[in-house]
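Hi,

Here is the structure we talked about, handed over for you to look through. My notes on what turned up in it follow below.

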Amino acid sequence: MQGTLLTVPRLFPSAPRSRLMGPIAALAVALFLSGCASAPATQNGDGGADQGSQSGDQTEGYDKYETTQEAVDFLGGSAEGIARAVDRAFADYGRPNAIIKGEEGGGAIVVGLRYGMGEFMAKSGEKQTVYWQGPSVGWDFGGDAGRVFMLVYNLPRPDLIFQRFAGVNGSAFVVGGVGMQYLRSQSIVVAPIRVGVGLRLGAGVGYTQFTQEQSYNPF
């Protein structure tokens, strides 16, 4: 029996396909780098993050009891919910070496925006005003405005807070009307704690850009 030769048509002619390869390769590289920036820390055998174990050995960070009390006093929400959020952050990453206390507002209909301003305080004593803004995309609807208390981990120098931090996908923690989510840039982690976040925490992923001056450009 003679076999039948099947020919598969090309989806793209050779010339257009070559022109597409450049943009496709660039997009793949961008997605890869974004995934590396926002990838959560690897879990160790004890159930905590490896980076958290390193931070937990530090003795120069903020004390958990004092941090919890300061967060409760500043946010003015559910003491139990705030305490559990702080406990979660300390369990994952140990003692923060900086905190940010501020106010922010934003809204979203699938695509969201958030703007904020606050005071950055390093454990070493440096203080400065910081601003932040950024977009989010995902199943995220609603609006909110209020105070936010951020824990900052593994920050080598205070000026390194002024950069873009990507949201860690799947890191949202919500309990008792209190929400927390991790943001990451390489080994530096920022954990914003918000009260009454409602639907704004959503399933959105995006990034937050910290700046020295106020900006209305979220990108």
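**What I found**

Thr 67 is buried, at a relative accessible area of 3% (buried means under 20% relative accessible area, exposed over 50% and partly exposed in between, with a 1.4 Å probe and protein chains only). This threonine lies in helix α3. If you leave aside the neighbours within four places in sequence, Thr 67 is in contact with Tyr 62, Val 86, Phe 90, Phe 149 and Leu 151 (contact means heavy atoms within 4.5 Å).

Before going on, a word on the ground rules. This is a predicted model, where local features need pLDDT of at least 70 and side-chain atom pairs count only at pLDDT 80 or more, while totals for chains, interfaces and linings use all residues. Residues are numbered from 1 along each chain as its sequence is written, and side-chain values use heavy atoms, with hydrogens and water left out.

**The overall layout**

The protein has 4 helices and 8 strands (DSSP runs numbered from the N terminus, with H or I over at least four residues for helices and E over at least two for strands). Along the sequence the pattern reads α-α-α-α-β-β-β-β-β-β-β-β. Of the 219 residues, 41% are buried. Take the contacts between residues at least 6 apart in sequence: 68% of them join residues at least 24 apart.

**α3 against α4**

How do these two helices pack? Helix α3 (residues 64-75) and helix α4 (residues 79-93) meet at an angle of about 140°, and their axes are 9 Å apart. The axes here are lines fitted to C-alpha atoms over the stretch in contact, and angles run from 0 to 180 degrees between N-to-C directions. That makes α3 and α4 oblique to each other (under 35 degrees counts as roughly parallel, over 145 as roughly antiparallel, 65 to 115 as roughly perpendicular, and the rest as oblique).

On the α3 side, the contact is made by Lys 64, Thr 67, Thr 68, Ala 71, Val 72 and Leu 75. From α4 come Ala 79, Ile 82, Ala 83, Val 86, Asp 87 and Phe 90. Sorted by kind, the residues of this contact are 8 nonpolar, 2 polar and 2 charged (Ala, Val, Leu, Ile, Met, Phe, Trp, Tyr, Cys and Pro count as nonpolar, Asp, Glu, Lys and Arg as charged, and the others, Gly among them, as polar).

**More on α4**

α4 has 15 residues and reaches 21 Å from its first C-alpha to its last, close to the 21 Å expected at 1.5 Å a residue. Its buried residues are Gly 81, Ile 82, Ala 85, Val 86, Ala 89, Phe 90, Asp 92 and Tyr 93. Tyr 93 has a relative accessibility of 4%. In sequence Tyr 93 and Val 152 are 59 residues apart, yet in space they are 9.7 Å apart, C-alpha to C-alpha. Just after α4, Gly 94 takes a positive phi of about 80°.

**Two loop residues to look at**

Most residues other than glycine have a negative phi. Asn 154 has a positive one, near 60°, and sits in the loop between β2 (127-153) and β3 (164-167). At 12% relative accessibility, Asn 154 counts as buried.

Gln 186 is not a glycine either, and its phi is positive at about 55°. You'll find Gln 186 in the loop between β6 (183-185) and β7 (188-195). Is this glutamine buried or exposed? With a relative accessible area of 70%, Gln 186 is exposed.

Cheers

Notes:
Expected span 1.5 Å × (residues − 1).
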